[in-house]
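I opened the notebook to jot down what I could look up here. Sequence and model come up just below, and my entries follow.

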Amino acid sequence: NDEFPDPFAITLGSSVNETCEGTGGNFSSALVDPTNLSALATPLNRTLPDSCFGDKMEFLVNSIVQTNAYNGVIEVANDKGANLSSNYNENSALANKLKVVARLIAGGLKTKVYVVDIGGWDTHGDQVSATDYREGEHPLLLTELSESIAAFQDDLKQLGIEEKVLGMTYSEFGRQINSNDSQGTDHGTAAPLMVFGTCVNSAILGNNPEISPDTQKGEGVPMQFDFKSVYGSILVDWFGVQTQSVRDLLVTDFQHLPILNTCSTTTALEFLNKKQLGLKAFPNPFTQQTKIEFTLKSGWARISLFDVLGHEIK
């Protein structure tokens, strides 16, 4: 509709990813090829019966109309967009999907979330070579992941939109610590997660795990951060979602993680210089208590409290 002319989310592939499915509806469009979007046959404009059948038909008719409308918006963005990086591996499915994402964003599509995938991580066998740990399924997958993300970031930078995009990896399971008899590992618990982009704090959150030589079969790396706190921190700092909404919808004991920096967003000092913000904090610095007064002509405000070492503590 006029308020939301672009898809909320897009999954690159033939089916919608579960991440984009809500309890009462689907928030994503599945996209295979933005250059080949055939319109679905428009249903005849007939009065539907007031019944269960009519309700289901109305849902189907609306879905077809919305899909065709979204496809038209996607086609326009694809025609306007471009790719400038020459680093994409044409033989990589992941690289080609990320290439589409960069082109659509450059073309002005306002979709907030894009989901791409790379399979093959369920490495119960042949995870690494018995003689060379640089060979095997896992190193090959990591190489493709690394090269695809590097090409994507290079494209975003050349297109001048790198500060508009945040990337994150996720998986549905981790791996166990000990190898099995097939040079692979079985399903585990915790796993590393990477967030990438110009606006990311370049740091490792968490401690390197101490792995004992006496690790038992079936044991996994202990979890340090709930993945929902990662999602929640990104929702708060990137999308401007209220912290309480994250607690209500995702996890009650939400832990805010310092994943993002301020990037190129306007600073309070710039607001002050433009006389768009009135701000007083007294005393400042302080030990026990301070009073903050501010007025903002427009937009939203984030107030952060730092200790003397520069750590954000609230």
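A reminder to myself is that the model is predicted.

Is Ile303 buried or exposed, or in between? I looked up its relative accessibility, which is 47%, so Ile303 counts as partly exposed. The cut-offs I needed are under 20% for buried and over 50% for exposed.

Together with Leu279, Ile292 and Phe294, Ile303 makes a nonpolar surface patch of about 350 Å².

Then I moved to helix 1, residues 52-80. I noted 29 residues and a reach of 43 Å from the first C-alpha to the last, close to the 42 Å expected at 1.5 Å a residue. Which residues of helix 1 are buried? I wrote down Gly54, Ile64, Asn68, Tyr70, Asn71, Ile74, Ala77 and Asn78. Their cover includes strand 1 (9-12), strand 2 (28-31) and helix 2.

Helix 3 was next, residues 137-159. Its 23 residues should span 33 Å at 1.5 Å a residue, and I got 33 Å between the end C-alpha atoms, so the two agree. Among the buried residues of helix 3 I listed Leu141, Leu145, Ser148, Ile149, Phe152 and Leu156. I recalled that an α-helix has 3.6 residues a turn, so residues three or four places apart point the same way.

What covers the buried residues of helix 3? I found that the cover includes helix 2 (93-106) and strand 7 (195-196).

Definitions and conventions:
Residues are numbered from 1 along each chain as its sequence is written. This is a predicted model: local features need pLDDT of at least 70, side-chain atom pairs count only at pLDDT 80 or more; totals for chains, interfaces and linings use all residues. Side-chain values use heavy atoms; hydrogens and water are left out. Helices (H or I, at least four residues) and strands (E, at least two) are DSSP runs, numbered from the N terminus. The expected span of a helix is 1.5 Å times one less than its number of residues. Buried means under 20% relative accessible area, exposed over 50%, partly exposed in between (1.4 Å probe, protein chains only). Contact means heavy atoms within 4.5 Å. Patches are made of residues with over 30% relative accessible area and no salt bridge: like charges are joined within 9 Å, nonpolar side chains (Val, Leu, Ile, Met, Phe, Trp, Tyr) within 5 Å. Accessible areas come from the Shrake-Rupley method with a 1.4 Å probe; for residues, only the protein chains shown count as cover. A salt bridge is a side-chain nitrogen of Lys or Arg within 4 Å of a carboxyl oxygen of Asp or Glu.
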